[in-house]
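Dear colleague,

Please find below the structure that I am handing over to you, followed by a summary of what was found in it. I would be grateful if you would read the two side by side.

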Amino acid sequence: MTDSLVQKLTLPTGKTIEVNTGLFINNEFVESVEGKRFETINPATEKVICKVAEATAKDIDRAVDAATEAFEKVWRHFDGKERGRLLYELAELIESNKEELAEFEALDNGKAYTIALSQDLAACIDTIRYYAGWADKIHGKVIETSHDRFCYTRHEPIGVVGQIIPWNYPLVMLAWKLGPALACGNTVVLKPAEQTPLSALKVASLIKIAGFPPGVINIVPGFGSTAGAAIARHMKIGKVAFTGSTATGRRILKDAAETNLKKVTLELGGKSPNIILEDADLDQAVKWAYYGIYTNHGQCCCAGSRVYVQDSIYDKFVQKYKEFAQSMKIGDPFNHDTFQGPQISKTQFDRIMSYIETGKKEGATCFMGGKRHGDQGYYIEQTIFTDVNENMKIMQEEIFGPVVAIAKFKTVEEAIEKGNLTRYGLAAAIFTKDVTRAFKLSNALKAGTVWVNCYNIVDSNTPFGGYKESGHGRENGKYALENYTEVKTVQVNLDV
Ligand code: ADP
């Protein structure tokens, strides 16, 4: 271990925490081959937190070599029970370090500490435990064919898998990726987002303590166009799982097609419609629709960024929605009553502000917010647009910030048509007390998840993924196991 890689960080609370900033390859923290490092920024202060080793293509080669050796010599020979035991151990270690991990999330990502602890850490731990339980339950079938043959299938691991994750839910995304890949017996090269490498590096140190054999999990922070592309184009990686923007997903598919046709699963963007019918419980609808967009500062792929409200209740809904929004606190991620922290980066901040300007220019009414919040950190006011129509950019493109557009509709048919008027299909929601209408609307909306009288409910055992340009494949639940196994058919001749 290179000592200079260990960094002591002082939190706004005065507490000091420590992280190893090396690349985690073969259970060791190492410098990158080229000795490069990059800065990670605290979005609440715009100041550098520390520098982290930067993986380039040569480091990805090293990590893939380690993962290949671990797969061939060790991991593929482990029983499912043993893989499960290690995953349980990792979940325990994350649980006993959850406060510190939530502090890393608040520092590096800007999300509120209390929310990181109660939601992100809970989901991360739960997902790893869920897949620990699957590790010894992955098996094929016996298929009856003819009396003189015996046929069965095996669900075998793919080998080395590459995993590229985003910055919005660093630990939840890490768990969604590691859990099923390891349960199925694959080894992993995982790249955290360049904006948020710290919590993944802290987990790396727990992976070693849990007792995973060297090379089974390798964590390599770096940039997308270098380290990320090297994973997507690597000839020895059999599968890539990616969560992030649709533009990058497209790039990764192309990279896979141009190299070894590795399998690709993608969880991409969204512009999810949230439809409020006039018979809905108004207070409940306001609350869920609020959390539907502003959770994680709007940086959520399934954010309900297009709210459609039936015309008879529109004015009342908008007023109540604004009052609810005004009661929520924007501020320092380490304050205990903060709901909304800063956006992740200057780039995202500028992008969101430019969408807000576009909305105004397109003729939408900025009913609330629309400006920077404070004078330090990438904070943006909670923003509500009204008087919107489907041709506006703010109704078509993913803003990924605290900006909602609230539109009117008259009939249910109109709501369905407008709801589906998007190239995305990640999620949708409906608010009504009429059960028949709830089912009919759920069937009619083209989205991977439909919430009825709620929003953002995602469980480790329920599938999550998108229709249309929101992605390929499903994560979570039993469905995710299909992404990480090859099915082998064995035909045995009994007529001998
Ligand atoms: P955002 O624009 O919100 O940062 P991205 O989709 O670009 O979202 O990033 C999500 C993840 O994809 C990050 O880990 C990033 O480094 C990675 N990434 C970005 N570009 C590429 C690329 N060309 N190939 C592989 N990974 C990439």
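The ligand has 18 residues around it, of which Ile165, Lys191, Glu194, Ser245 and Thr248 come nearest. Please note that this is a predicted model.

A polar backbone atom of Ile165 lies 2.8 Å from an oxygen atom of the ligand. At Gly224, a polar backbone atom is 3.2 Å from a ligand oxygen atom. Of the 550 Å² that the ligand exposes when taken alone, the protein buries 81%.

Two or more residues of the shell around the ligand are given by each of α7 (224–232), β12 (239–243) and α8 (246–258). Sorted by class, that shell comprises eight nonpolar, seven polar and three charged residues.

**Gly133**

A separate point concerns Gly133, which is placed in helix α4 (residues 113–134). Is Gly133 buried or exposed? Gly133 counts as buried because its relative accessible area is 17%, and the cut-off for buried is under 20%. Gly133 and Gly179 are 46 residues apart along the chain, and their C-alpha atoms are separated by 10.0 Å.

With kind regards

Technical notes: Residues are numbered from 1 along each chain as its sequence is written. This is a predicted model: local features need pLDDT of at least 70, side-chain atom pairs count only at pLDDT 80 or more; totals for chains, interfaces and linings use all residues. Side-chain values use heavy atoms; hydrogens and water are left out. A residue is near a molecule or strand if one of its heavy atoms lies within 4 Å of it. A polar contact is a pair of N or O atoms within 3.5 Å; within protein, one must be able to donate a hydrogen and the other to accept it, and residues adjacent in sequence count only if both atoms are side-chain atoms. Accessible areas come from the Shrake-Rupley method with a 1.4 Å probe; for residues, only the protein chains shown count as cover. Helices (H or I, at least four residues) and strands (E, at least two) are DSSP runs, numbered from the N terminus. Ala, Val, Leu, Ile, Met, Phe, Trp, Tyr, Cys and Pro count as nonpolar, Asp, Glu, Lys and Arg as charged, and the others, Gly among them, as polar. Buried means under 20% relative accessible area, exposed over 50%, partly exposed in between (1.4 Å probe, protein chains only).
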